[in-house]
Amino acid sequence: MSQLPNCPQCGSEYTYEDRGLFVCPECGHEWSDAQSAEQESGLVVKDANGNLLQDGDSVTVIKDLKVKGASGPIKQGTKVKNIRLVEGDHNIDCKIDGFGAMSLKSEFVKKN
């Protein structure tokens, strides 16, 4: 019997295959075999629209972001070039003109 992957959403081991998709009975998440192989190969970071991000991509901030200790927020529409993906809660490291080195969450950016 082949080994099925654990659910990438909740980590459940009780997944099953249905018509080419893997399904988790605990959280209801469905994913394809291609997504499973992609997640096993390394760090997977997606933007607010679900596009896959890679090191060196350019992104745009989709909402005003307050920055602790700064005089003002990072404005919506700010373009960020040459991002670097990292593990953790804030999974994008970058430099923003006027702010310097920053860590951003991928859910607040969209790929250019």
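Modeller: Helices are DSSP runs of H or I with at least four residues, strands are DSSP runs of E with at least two, and both are numbered from the N terminus. On that basis the protein chain reads β-β-β-α-β-β-β-β-β-β-β-β along the sequence, with 1 helix and 11 strands. The model is predicted, and local features need pLDDT of at least 70, side-chain atom pairs count only at pLDDT 80 or more, while totals for chains, interfaces and linings use all residues. Residues are numbered from 1 along each chain as its sequence is written, and side-chain values use heavy atoms, with hydrogens and water left out.

Colleague: What makes strand E9 largely enclosed by the rest of the structure?

Modeller: A residue is buried under 20% relative accessible area, exposed over 50% and partly exposed in between, with a 1.4 Å probe and protein chains only. In strand E9 (residues 92-96), 4 of the 5 residues are buried, so the strand is described as largely enclosed. Across the protein chain, buried residues make up 29% of the 112 residues.

Colleague: How do you know that E9 is paired with E10?

Modeller: Two strands pair if DSSP finds at least two bridges between them. E9 and E10 have 5 bridges, in the antiparallel sense, and cysteine 94 has methionine 102 in E10 as its bridge partner. The hairpin of E9 and E10 has 3 residues between the strands, and in its turn glycine 98 has a positive phi of about 90 degrees. Strand E8 (residues 84-85) also pairs with E9, antiparallel and over 2 bridges; here leucine 85 has isoleucine 92 as its bridge partner. The hairpin of E8 and E9 has 6 residues between the strands, with glycine 88 at a positive phi near 120 degrees.

Colleague: What makes strand E7 and strand E11 edge strands?

Modeller: The open sheet has 3 strands in the order E7-E6-E11, with antiparallel pairing. Strand E7 (79-80) and strand E11 (109-111) each pair on one side only, and these are the edge strands. Strand E6 (residues 59-61) is joined to E11 by 3 bridges, and threonine 60 stands opposite lysine 110 there.

Colleague: How do you know that the side chains of aspartate 93 and serine 103 make a polar contact?

Modeller: A polar contact is a pair of N or O atoms within 3.5 Å; within protein, one must be able to donate a hydrogen and the other to accept it, and residues adjacent in sequence count only if both atoms are side-chain atoms. The two side chains meet at 2.8 Å, so the pair falls within the 3.5 Å limit. Aspartate 93 lies in strand E9. Leaving aside neighbours within four places in sequence, the contacts of aspartate 93 (heavy atoms within 4.5 Å) include Ile83, Arg84 and Met102.

Colleague: Why is serine 106 called buried?

Modeller: Its relative accessible area is 10%, under the 20% limit, so serine 106 qualifies. Serine 106 lies in the loop between strand E10 (100-104) and E11. The serine 106 side chain reaches the backbone oxygen of lysine 46 at 3.1 Å.

Colleague: Why is arginine 19 called exposed?

Modeller: The relative accessible area of arginine 19 is 81%, over the 50% limit, so the term applies. Arginine 19 is in the loop between strand E1 (16-18) and strand E2 (21-23), and has a positive phi of about 50 degrees although it is not a glycine. Asparagine 82, at 57%, also counts as exposed; this residue lies in the loop between E7 and E8.

Colleague: What makes the pair of phenylalanine 22 and tryptophan 31 tilted?

Modeller: Rings of Phe, Tyr and Trp (its six-membered ring) pair if their centres lie within 6.5 Å; planes under 30 degrees apart count as stacked, over 60 as edge-to-face and the rest as tilted. The ring centres of phenylalanine 22 and tryptophan 31 are 5.8 Å apart and the planes are at 35 degrees, so the pair is tilted. By this rule the count is 1 aromatic pair, and both phenylalanine 22 and tryptophan 31 are buried.
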